[in-house]
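Biologist: Hi! Could you walk me through this one while I have it open on my screen?

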Amino acid sequence: ARTVANLTWCARVVVVHHPDHRERTVRMLDQAGSLPSLTLVPGGATRRLSIAAALEAIADLPDTTNVVIQNAASPNTPPSLG
């Protein structure tokens, strides 16, 4: 929730979640407040497949778009990300 709350400045946020934990993810995201555009994507069997799922969800963006990929489960999410 803290990581996502720091992303309110982003025009679009994609959250990849464990396929079995969609409802849990939604509850956690409710704590973060509202975001301009939020997409939930089920993750894959590996981190690499989960990142691929996130990138597929933004395939319509121009190639020049800046993208931040952050493993929010890591305790090292920089507070300065926002």
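Modeller: Happy to! One term before we start: accessible areas here come from the Shrake-Rupley method with a 1.4 Å probe. By that method, the accessible surface of the protein comes to about 5,800 Å², and carbon and sulfur atoms hold 53% of that surface. Keep in mind that this is a predicted model.

Biologist: Good to know. How many helices and strands does the protein have?

Modeller: There are 3 helices and 2 strands. Starting at the N terminus, their order is α-β-α-β-α.

Biologist: And how do β1 and β2 pair, in which sense?

Modeller: Strands β1 and β2 pair in the parallel sense, over 5 bridges. β2 covers residues 38-42, and β1 covers residues 13-17. If you want a landmark, T39 in β2 is the residue opposite V14.

Biologist: Which residues of β1 are on its covered face?

Modeller: V13, V15 and H17 are on the covered face of β1, while V14 and V16 are on the uncovered one.

Biologist: Let me zoom in on H17. Is H17 buried or exposed?

Modeller: H17 has a relative accessibility of 7%, so it counts as buried, the cut-off for that being under 20%.

Biologist: What is H17 in contact with, apart from its neighbours in sequence?

Modeller: Beyond four places in sequence, H17 is in contact with R22, T25, L40, V41, P42 and G43.

Biologist: New topic: the core. Which residues make up the largest nonpolar core?

Modeller: That core has 8 residues, namely V4, L7, C10, V13, V15, L29, A32 and L35.

Biologist: What about L29, where is it?

Modeller: L29 sits in helix α2. Its relative accessible area is 6%, so L29 is buried. Leaving out residues up to four places away, L29 touches V4, V15, L38 and L40. The C-alpha atoms of L29 and R2 are 9.2 Å apart, although 27 residues separate the two along the chain.

Biologist: How much of the protein counts as buried overall?

Modeller: Of its 82 residues, 22% count as buried. Also, among contacts between residues at least 6 apart in sequence, 65% join residues at least 24 apart.

Biologist: Switching to charges, how many salt bridges are there?

Modeller: The search of the whole structure finds 1 salt bridge. The partners are D60 and R12, whose side chains meet at 3.2 Å, N to O.

Biologist: Which parts does that pair tie together?

Modeller: D60 belongs to the segment after α3 and R12 to the loop between α1 and β1, so the pair links parts 48 residues apart in sequence. In general, side chains of opposite charge can pair when their charged atoms come close.

Biologist: And how exposed are the two partners, D60 and R12?

Modeller: D60 is exposed, at 58% relative accessible area, whereas R12 counts as partly exposed at 29%.

Biologist: Last one: which residues form the nonpolar patch on the surface?

Modeller: I51, L55, V67 and I69 form that patch, and together they have about 320 Å² of accessible area. I69 lies in the segment after α3, and its relative accessibility of 53% makes I69 count as exposed.

Biologist: Great, thanks for the tour!

Technical notes. Residues numbered from 1 in each chain as written. Predicted model: local features only at pLDDT ≥ 70, side-chain atom pairs only at ≥ 80, totals over all residues. Heavy atoms only, no water. Buried < 20%, exposed > 50% of the residue type's maximum accessible area, 1.4 Å probe, protein only. Helix = DSSP H or I, 4+ residues; strand = E, 2+ residues; numbered from the N terminus. Pairing = 2+ DSSP bridges. Contact = heavy atoms within 4.5 Å. Salt bridge = Lys/Arg side-chain N within 4 Å of Asp/Glu carboxyl O. Core = buried A, V, L, I, M, F, W, Y, C linked by side-chain atoms within 4.5 Å. Patch = residues over 30% accessible without salt bridge, like charges linked within 9 Å, V, L, I, M, F, W, Y side chains within 5 Å.
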